[in-house]
Amino acid sequence: MGKIGIFGGTFDPPHNGHLLMANEVLYSLNLDKIWFMPNNIPPHKQKEPVTETHHRVNMLKRAIEGNPFFQVQLIELEREGPSFTYDTVKILKERYPNEEFYFIIGSDMIENLPHWHRIEELMDMVQFVGVKRNGYSNESTFFVKEVEVPQFDVSSTMIRERLKNGQAVDYLLPKKVIQYIGENRLYGT
């Protein structure tokens with residue numbers, strides 16, 4: 001039986017904060033792998049524009065390249081409509097019945113757990129792992145295993161804004177992601 005961390009998100013773009021969080025959870029909980037799972041349409045961002053899927057997947061692959069513990073899992077891109085975590089975890093449990101799943105979320109999502117689709121059933125299917133983010137609380141009526149991660153206050157939104165304004169993003173993104181963004185003229189570059 002393996003222990004797999006699931007790290008979902010839009011990854012628009014994937015940044016060093018994502019990699020730091022994943023690495024800390026991997027080692028803190030002694031997991032076998034972290035599966036980065038780009039979502040199709042996040043339920044909480046249905047009205048926001050998102051970069052084309054193939055670009056987000058390509059950037060993510062470049063971001064994790066060379067790390068044998070990190071993989072890209074495209075299960076949420078296989079279906080249409082919003083990416084509800086319940087549906088995703090149900091499919092994962094069917095496909096990988098011998099794996100134990102740990103679903104990684106930031107404090108911003110922990111506060112929102114009571115509003116998640118079929119949360120009661122989901123809590124029986126997966127262990128939630130909470131990572132602290134500035135300005136949010138990790139308190140919840142649901143059990144969430146906490147992992148302490150060094151604070152790296154960066155977000156994809158901030159990076160997109162910096163790129164649009166022609167500001168530097170060195171050390172915020174992996175070099176291969178910066179190169180891909182430039183080559184494909186993403187985010188106004």
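## Salt bridges and nonpolar cores in a predicted model

A salt bridge, meaning a side-chain nitrogen of Lys or Arg within 4 Å of a carboxyl oxygen of Asp or Glu, joins the side chains of Arg 118 and Glu 121 at 2.8 Å, N to O. The model is predicted, so local features need pLDDT of at least 70 and side-chain atom pairs count only at pLDDT 80 or more, while totals for chains, interfaces and linings use all residues. Residues are numbered from 1 along each chain as its sequence is written, and side-chain values use heavy atoms, with hydrogens and water left out.

### Salt bridges

Three of them are described here, including the pair already named.

| Pair | N to O distance |
|---|---|
| Lys 176 and Glu 65 | 2.2 Å |
| Arg 118 and Glu 121 | 2.8 Å |
| Lys 164 and Glu 161 | 3.8 Å |

Lys 176 and Glu 65 form a salt bridge through their side chains. Lys 176 belongs to helix H7 (residues 175-183), whereas Glu 65 is in the loop between helix H2 (53-64) and strand S3 (70-72), so this pair ties together parts that are 111 residues apart in sequence. Helices (H or I, at least four residues) and strands (E, at least two) are DSSP runs, numbered from the N terminus. By contrast, Lys 164 and Glu 161 both sit in helix H6 (residues 156-164), three residues apart, which is about one turn of the helix.

Lys 164 is exposed, at 55% relative accessibility, and Glu 161 is partly exposed, at 39%. Lys 176 is partly exposed at 40%, as are Arg 118 at 38% and Glu 121 at 34%.

### Nonpolar cores

In soluble globular proteins, nonpolar side chains tend to be buried together. A nonpolar core is a set of buried Ala, Val, Leu, Ile, Met, Phe, Trp, Tyr and Cys residues joined through side-chain atoms within 4.5 Å. The largest has 33 residues, and those touching the most other members are Phe 7, Val 25, Ile 34, Phe 36, Phe 70, Ile 104 and Ile 181. At least two residues each come from helix H1 (16-28), strand S2 (33-38), H2, strand S4 (99-106), strand S5 (127-131), H6 and H7. H1 contributes the most, with five residues. Apart from this core lies another, of 23 residues, among them Ile 75, Leu 92, Ile 110 and Ile 119.

Methods. Buried means under 20% relative accessible area, exposed over 50%, partly exposed in between (1.4 Å probe, protein chains only).
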